[in-house]
Amino acid sequence: MIQVALPKGRLGEKAYEVLAAAGYECPSILEKNRKLTFENPEKGVRYFWVKPSDVSIYVERGAADVGIAGKDILLEYRPDVYELLDLKMGRCRMCVAGPEDFYDDPNKTLRVATKFPHIAGDYYESRSRDIDIIKLNGSIELAPILGLSDVIVDIVETGNTLRENHLAPLETIVDISARFICNKVSYKFKYQEILAMRDALAKNL
């Protein structure tokens, strides 16, 4: 049986729809209950919902064979997993954003507020830019408004929240989408089943 970690929320629901269409349906997952795992022995699949940022941990440590994780999570947490397929869903961008009239003075240390310190650090290191990273967990847009930071590094989907707060995307760091990931040991021992799932997913995208 293949253990599949799905991210809670819209992305996970959409991913399940694609998996079901690919022949891995599990009707009990749609029932209103408090169950944590859902399985369909006939299809050889067991699903469970986890927090999006935890999917890669479950997969890396082998509690799940495969999972659906955003590229942002993979870049930030750098789990030791195989990335088998770009699902082309949950698309957005990781951007540097700041005040619309922002000028980056290279003589000053740039203050960057973000939930993604590794991604921000790698990006500015590649540009040899001296930065001060301020790790925040929510309401990142507030940081430049209140003078806590000069810019932010965050996910931008529509840009509406930025515009409403007189901020703008300044640079795109990387395009983000959901990826089908796999545990390295599982890949060795369930190679055929996992590749069959990947190929079925690819046909249904």
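Predicted model: local features only at pLDDT ≥ 70, side-chain atom pairs only at ≥ 80, totals over all residues.

Student: How is a pair of aromatic rings described?

Tutor: A pair of aromatic rings is described by the distance of the centres and the angle of the planes. Rings of Phe, Tyr and Trp (for Trp, its six-membered ring) pair if their centres lie within 6.5 Å; planes under 30 degrees apart count as stacked, over 60 as edge-to-face and the rest as tilted.

Student: How many aromatic pairs does a search of the whole structure find?

Tutor: The search of the whole structure gives five aromatic pairs. In one of them, the ring centres of Y123 and Y124 are 5.1 Å apart and the planes stand at 75°, so the pair is edge-to-face. Another edge-to-face pair is formed by Y187 and Y191, with 5.2 Å centre to centre and 80° between the planes.

Student: Which residues do ring pairs link into a cluster with Y187?

Tutor: The cluster linked by ring pairs consists of Y82, Y187 and Y191.

Student: Are Y123 and Y124 buried or exposed?

Tutor: The terms first: buried means under 20% relative accessible area, exposed over 50%, and partly exposed in between (1.4 Å probe, protein chains only). Y123 and Y124 are both buried. Y187 has 21% relative accessibility and therefore counts as partly exposed. Y191, at 40%, also counts as partly exposed.

Student: Next, salt bridges. How many does a search of the whole structure find?

Tutor: A salt bridge is a side-chain nitrogen of Lys or Arg within 4 Å of a carboxyl oxygen of Asp or Glu. The whole structure holds 12 salt bridges by this search. One of them joins the side chains of R179 and D86, at 3.6 Å from N to O.

Student: Where in the chain do R179 and D86 lie?

Tutor: R179 is in strand 11 (residues 178–182) and D86 in strand 5, so to read this pair, note that it links distant parts of the chain, 93 residues apart. Helices (H or I, at least four residues) and strands (E, at least two) are DSSP runs, numbered from the N terminus. R179 counts as buried, at 12% relative accessibility, whereas D86 is partly exposed, at 25%. Both belong to a network of salt bridges that links K71, E83, D86 and R179.

Student: Which residue does D104 meet in a salt bridge?

Tutor: The partner of D104 is R129, with a distance of 2.6 Å from N to O. D104 lies in the loop between strand 6 (92–99) and strand 7 (110–114), and R129 in the loop between helix 4 and strand 8, so the pair ties together parts that are 25 residues apart in sequence. D104 is partly exposed, with a relative accessible area of 30%, and R129 is buried, at 16%.

Student: What about R111 and D150?

Tutor: R111 forms a salt bridge with D150, and their closest N and O atoms are 3.0 Å apart. This pair links distant parts of the chain, 39 residues apart: R111 is in strand 7, and D150 is in the loop between helix 5 and strand 9 (151–156). R111 counts as partly exposed, at 29% relative accessibility.

Student: Now the backbone. What is phi of R78?

Tutor: Phi of R78 is near 50°, a positive value in a residue other than glycine. R78 is placed in the loop between helix 3 (71–77) and strand 5 (82–86), and is partly exposed, with a relative accessible area of 45%. S128 is not a glycine either, and has a positive phi of about 55°. The loop that holds S128 runs between helix 4 (117–126) and strand 8. At 69% relative accessibility, S128 counts as exposed.

Student: Last, a loop. Where is L136 placed, and what is it in contact with?

Tutor: L136 is in the loop between strand 8 and helix 5. Contact means heavy atoms within 4.5 Å. Leaving aside neighbours within four places in sequence, L136 is in contact with A113, T114, K115, A143 and L148. L136 and P117 are 19 residues apart in sequence, and 9.3 Å apart in space from C-alpha to C-alpha.

Student: And S139: buried or exposed?

Tutor: S139 is exposed, with a relative accessible area of 53%. S139 is in the loop between strand 8 (131–135) and helix 5 (142–145).

Key: Residues numbered from 1 in each chain as written. Heavy atoms only, no water.
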